[in-house]
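Please read them alongside the coordinates.

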Amino acid sequence: MNAARAINHHAEHPGFAGVTGVLCGLVFLLVGRAKARLAADVAQVSATDHVVDVGCGPGTAARVAARRGARVTGVDPSSTMLRIARLVTPKRAPITWREGTAEALPVTGGSATVVWALATVHHWQDVDKAVAEARRVLTPGGRLIAIERQSPDGATGLASHGWTQQQAEAFGALCRDAGFDDVSVAERGSGKQATWVVSGTRRTL
């Protein structure tokens, strides 16, 4: 398997449904806050933004963006996750919840200023198609951000749900090839909180 294909090394994950999905959703509510704040800071989210949260889960990052004034579309393939998101989100929050996948975003082309995916790219079924979808929905100059935990080479089990440095750099290269400029691959945090942050802007032409 080459580096580009290894980006989504957990694409076979069955998803989150039923009781297991509910339990995972509750856990994600507790552990997703740091990545959500990091994404909002990297994107410099403001009231002028429309953020598309790909693989939004129970909506933690979507709510962070909404509190900073952005309009948000949270997209997830799991109806269980979306039910939790709706239950814990204030009804007046400027968030729309949509069932869908990274490869087929239910979002109008050119309507988003930010697309982010937090700890989800390693589950995407088709990375090339998903990055093309992100480009489609972004306005020229819009920002794509992917955040994954740092995973050591050869990791197995839960520790493997993230990216090695090679995988992070491979995703950055894929974004460049797909029409993104100013692509950066950065390390954030340390220890168990260490993450890879890959970001880029949609090419204007």
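**Notes on the chain and its sheet**

1. The accessible surface of the chain (Shrake-Rupley method, 1.4 Å probe) comes to about 9,900 Å², with 54% belonging to carbon and sulfur atoms. Buried residues (under 20% relative accessible area, 1.4 Å probe, protein chains only) make up 49% of the 205 residues.

2. This is a predicted model, in which local features need pLDDT of at least 70 and side-chain atom pairs count only at pLDDT 80 or more, while totals for chains, interfaces and linings use all residues. Residues are numbered from 1 along each chain as its sequence is written, and side-chain values use heavy atoms, with hydrogens and water left out.

3. Seven helices and seven strands are present, as DSSP runs (helices H or I, at least four residues; strands E, at least two) numbered from the N terminus. Their order from the N terminus is α-α-α-β-α-β-α-β-β-α-β-α-β-β.

4. The seven strands form an open sheet of mixed pairing, ordered β3-β2-β1-β4-β5-β7-β6; pairing requires at least two DSSP bridges between two strands. Because β3 (95–99) and β6 (180–188) each have a single partner strand, one side of each is left without a neighbour in the sheet. The twist averages 15° from one strand to the next.

5. Strands β5 (residues 138–149) and β7 (residues 195–202) pair in the antiparallel sense over seven bridges. Glu148 stands opposite Trp196 in β7.

6. Of the contacts (heavy atoms within 4.5 Å) with a separation of 6 or more, 68% join residues 24 or more positions apart.

Methods: Buried < 20%, exposed > 50% of the residue type's maximum accessible area, 1.4 Å probe, protein only. Axes fitted to C-alpha atoms, helices over the stretch in contact; angles between N-to-C directions.
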